[in-house]
Structure formats: structure tokens, C-alpha cells
Amino acid sequence: MKLSQLVQSNQTFNSNAYKSLSPVMKEAVTDVIKLIENYQDNTLKKFEGALDKVCEFHNVNKEEIENYFDKELNEQLGEK
């Protein structure tokens, strides 16, 4: 599953990985998805830019939010 497919299907918000986040991290994840959901081309570049903006705005650790997205994708793929 690609990140763009995950964003389009909104599966993020029904996952164990999402449910385990703190409220501020949930808000940050939601903001990242809102920033990139309308882009079909070059999603990865938009994702990186969105991460930078959201991390600065919410004052959250970029590595922590990247780890969340790694866990999310692994969960959606059925991997551990």
C-alpha cells in the first residue's frame, strides 16, 4: 500500500497505531494528511514538506511522526 492510497482511504484513523498516539500527535497526523490529500503527483515530496510544516506548527518531533507513519503502513500491510 502506498502512502497516497492510505491517505485516500482514510484507514489511518481506524488503526491501532493511530489510537495509540497522544492527542497532539493525532492532530499533527490529521494535519499532514489534510495537507497532502489533494496531491496526486509527487506525493512523497508533498509529504516531506507537510511533515516539516506540521512538526514546526505543533512542536512535535519529526522522527516520532515518521515512526508513526512507518507503523501505520506496516499495520495496513499486515506486517509486524
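In the predicted model, the largest nonpolar core comprises 18 residues, of which V29, V32, I65, Y68 and F69 touch the most other members. Such a core is a set of buried Ala, Val, Leu, Ile, Met, Phe, Trp, Tyr and Cys residues joined through side-chain atoms within 4.5 Å; buried denotes under 20% relative accessible area, exposed over 50%, and partly exposed the range in between (1.4 Å probe, protein chains only). At least two residues of this core are supplied by each of α2 (16-19), α3 (23-36), α4 (43-58) and α5. Helix α3 provides the largest share, six residues. Helices are DSSP runs (H or I, at least four residues) numbered from the N terminus. In soluble globular proteins, nonpolar side chains tend to be buried together. With neighbours within four places in sequence left aside, I65 is in contact (heavy atoms within 4.5 Å) with M25, A28, V29, V32, L51 and C55.

Residues are numbered from 1 along each chain as its sequence is written. Because the model is predicted, local features require pLDDT of at least 70 and side-chain atom pairs count only at pLDDT 80 or more, whereas totals for chains, interfaces and linings use all residues; side-chain values use heavy atoms, with hydrogens and water left out.

Two salt bridges are present in the structure, a salt bridge being a side-chain nitrogen of Lys or Arg within 4 Å of a carboxyl oxygen of Asp or Glu. One joins E48 to K62, with the closest N and O atoms 3.3 Å apart. E48 lies in helix α4 and K62 in helix α5, so this pair ties together parts that are 14 residues apart in sequence. K62 also forms a salt bridge with D52, where the closest N and O atoms are 2.7 Å apart. Since D52 belongs to helix α4 and K62 to helix α5, the pair ties together parts ten residues apart in sequence.

E72 is buried yet has no salt bridge, and the nearest side chain of opposite charge, K19, is 10.0 Å away. For this assignment Lys and Arg count as positive and Asp and Glu as negative, while His and the chain ends are not counted. The side chain of E72 makes a polar contact with the side chain of S15 at 2.5 Å. A polar contact is a pair of N or O atoms within 3.5 Å; within protein, one must be able to donate a hydrogen and the other to accept it, and residues adjacent in sequence count only if both atoms are side-chain atoms.
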